[in-house]
Amino acid sequence: MGENRYLAEMPAGFSAEYPAELEAYYNDHAPFRNLLIHQKSVVDSGMEGFYRKSVQPVLAKLSGKSGNGEGTGVAERYQEETTVAAVTETETEEVSCEVAGHDYEAIEVVDPTYLAYGHTLYECKRCGFRHMGDFTDKLIDDTYLPENISNNQVIIGRYDWLFYIGDNSRSYYKGTNVYTEEEAAEKLALLQSLQDACDAKGKQLLYIIWPNKEQVYPEYMPTYEVTKPKREDAFVEYVHQNSDINMIYPIEALTMGKLYMDTYYPYDTHWNHWGSYIGTLEMYKALGLPTPGLEDYPVNQTENLARGLVGTGMLDAAAFTNDADYVVDYRPEAGLSWSEGVHDLVNGYTEAYWSKASDPLFDKKIAFLGDSFRVSMLPYMEKDFAELAAVQRQNMDQIKTDIQNADIIVLTVVERHDGDLYERIPTLVSYLNETN
């Protein structure tokens, strides 16, 4: 268009210049653009693997550049009093370990890798219960890794971990979008307006900001210059220093959870079932509710089908299969007396979901407002609360009456959408002000 040149030709063969030549071709032949983007992404992915394993280490040594050191020292920070505790599945016998305590012996020492933490596996000599402890940090590749983006939306990180760059996610990760003092004060005023409305109605209120995946897995991100404190850390601290508002950003608990197994999907933006369980327990703790330990229920490794970023990045699906999910067998004896709606992150879910537990832990009505991160929390919450009404924030009119009648209101958001949390507050306040 306006250039005095011939249209670019399809590359005749593979070479180091193939991606650039292919990009030039599809830019000149737009009718086939989507097919060509996919083909280019597949080639880019393969060449990135070759670059990372063969070329990058040499260039890093020559340049003297290295990574930013993010993601180190997790095992060193771990303490037994954190939310994370022992989890592995094993058959138990009728013994007195509940009274006398377990009698552990070490049965296996697992060395750390670049994808998993090292640990010692202990087993009770009496009942067979297994416990993971004595963690050692995973190996960290801190060589310089340039940014590699597929389809203008997905970062291909170390070991093929994928990260979404939409919704200004990189700014959250780099720490370049921290609120000014004026912006923080405006946000706090909004939070306080809902707190005041809940106080007037005798309702308990909790705000939660769920971390973006890259905040929990910085060790797999490209080499960026990172500034701390980042936006959510700084703002939550500001809220705590200037108010009595209950607001949490449970990045530490989700990071500690990686000691046992991954808390987020490698090829999706969402947390997995293990991560959602940790998030649910952090919510219970913040609400002052009795919280089970993660060791109380077995965790089963299952096949994972949450690979949304593979499609978003137009990548070759056959190259991204090194993943799994970890499902908690939570309170298997508990059930529901009634429910309406669907909660299944992979196969589909409804905007709103209601349930009544047949054997609740908490005799309370809870209104839970969030985004897609809420979906995998519902299998736990529906068993624990007498009545649950959960909804996508944008559709909260569907549970208006439930909000007005709730004992507890929880307003949540994944951090890259944090602006939407504040936008919903005036409507929530108006709902509460309608009731006598």
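A cavity, on a 1 Å grid over the protein atoms alone, is a set of points where a 1.4 Å probe fits but cannot get out. A pocket is an open set with protein on both sides within 12 Å along at least five of seven lines, and lining residues have an atom within 4 Å of a point. Grid points are joined across faces, edges and corners, and a volume is the space filled by probe spheres set on the points.

Two sentences on where this comes from. The model is predicted, so local features need pLDDT of at least 70 and side-chain atom pairs count only at pLDDT 80 or more, while totals for chains, interfaces and linings use all residues. Residues are numbered from 1 along each chain as its sequence is written, and side-chain values use heavy atoms, with hydrogens and water left out.

Searching the whole structure gives two cavities of 30 Å³ or more. Helices (H or I, at least four residues) and strands (E, at least two) are DSSP runs, numbered from the N terminus.

Now the largest pocket. Its volume is about 600 Å³. It has 24 lining residues, and Tyr 260, Met 261, Asp 262, Gln 301 and Tyr 326 lie nearest its centre. The lining divides into 17 nonpolar, four polar and three charged residues.

Next, single residues. Is Asn 304 buried or exposed? Its relative accessibility is 2%, so it counts as buried; the term means under 20% relative accessible area, with exposed over 50% and partly exposed in between (1.4 Å probe, protein chains only). Asn 304 sits in the loop between strand S9 (299–302) and helix H11 (308–312). Its side chain reaches the backbone nitrogen of Ala 306 at 2.8 Å. The side chain of Asn 304 also makes a polar contact with that of Asp 323, at 2.6 Å. A polar contact is a pair of N or O atoms within 3.5 Å; within protein, one must be able to donate a hydrogen and the other to accept it, and residues adjacent in sequence count only if both atoms are side-chain atoms.

Now the backbone. Most residues other than glycine have a negative phi, and most peptide bonds are trans. Asp 167, not a glycine, has a positive phi of about 55°. Asp 167 lies in the loop between S6 and helix H5 (169–174) and is partly exposed, at 37% relative accessible area. Arg 331 also has a positive phi, near 40°. Arg 331 is in the loop between strand S10 (325–328) and strand S11 (336–340), and its relative accessible area of 3% makes it buried. Finally, the peptide bond joining Lys 228 and Pro 229 is cis, with omega about 0°. Pro 229 is in the loop between H7 and helix H8 (231–242).

Key:
Nonpolar A, V, L, I, M, F, W, Y, C, P; charged D, E, K, R; others polar.
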